[in-house]
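Here is a short briefing to read alongside the model. Please have the sequence and the 3D view open as you go.

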Amino acid sequence: MQRVLFHSTIFGPIRSRRLGVSLGINLTPNDGKVCTFDCLYCEAGFNAQGPGTTGFAPRSEVARLLREKLSEMSRNGAPLDVITFSGNGEPTLHPEFPDIITDTLQLRDRFFPQAKVSVLSNSTKIFSPKVADALRSVDNNILKLDSAVTSTIQTLDRPTLPSLSAENIIDGLCAFGGECIVQTLLTRGHHDGKEVDNTTPAEISALIAAYNAIKPRSIMLYSIDRKTPAEHLEKVPAEELTSIANRIMAETGIPVETA
């Protein structure tokens, strides 16, 4: 079974294909996965591997580890473009998430004021006012919308709340508008006898309608880049991603970045 990627709370820095030199923060367990989605393409594996034993790192521990790492990098003159909340699941599930964001912004200002703070979220906790306020406070509030069709979300992202619909997510994202970046992963293939494809003309048309309603600052459009737990998914070729991006920009006027 494909397992979690990150075995520490602070990891990297790594070279992100979308964000540059990125220092990662994993707020989920170091030896398991906790997420409100169970995406077929998740590089951290399926939720079936379990939540592990380490639990969520306390706020004070996250702050201490981040302070130590940023201090070390600053002393050594290391470059840093972004501090990114990612990891083995959904970062906004951490019970102290808003306070951790406050600590991170303060530490960023102290050691690397030019660096951005980014959060990669699957959009399932944006209905919490405290989480929403914390997301609005970061530089790059990157929120997932892989499809504007509920059945596709159920097949591709497999939310742990079966009642979650595309309409729910889109309504929540509309509350952010230009305060968010929408991230969409495109892929196709099959899993457990079901076809998976969010690249069809109908799917892209539905996404365009959603983007026009949300009016995000920009859109990140990308495909799989590493091994995925569902073995029969395809990477969308760069030329096709570019073609889809051009259509989205033409019909929305919103900048689209591909990776």
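Which residue takes a positive phi just after H6? Lys215 does, with a phi of about 60°. This is a predicted model, in which local features need pLDDT of at least 70, side-chain atom pairs count only at pLDDT 80 or more, and totals for chains, interfaces and linings use all residues. Residues are numbered from 1 along each chain as its sequence is written, and side-chain values use heavy atoms, leaving out hydrogens and water.

**Helix H6**
- Helices (H or I, at least four residues) and strands (E, at least two) are DSSP runs, numbered from the N terminus.
- H6 covers residues 201–214.
- The buried residues (under 20% relative accessible area, 1.4 Å probe, protein chains only) of H6 are Glu203, Ile204, Leu207, Ile208, Ala210, Tyr211 and Ile214.
- They cover an arc (from directions between the helix axis and the C-beta atoms) of only 165° around the axis, which puts them on the same side of H6.
- Pro201 and Ala202, both exposed (over 50%), sit on the face of H6 turned away from its buried side.

**The sheet**
- Eight strands form an open sheet in the order S1-S2-S3-S4-S5-S6-S9-S11, with mixed pairing; strands pair if DSSP finds at least two bridges between them.
- At the edges are S1 (10–16) and S11 (256–258), each pairing on one side only.
- S3 (residues 82–86) and S4 (residues 116–121) pair in the parallel sense over four bridges, and Ile83 stands opposite Val117 in S4.

Key
The expected span of a helix is 1.5 Å times one less than its number of residues.
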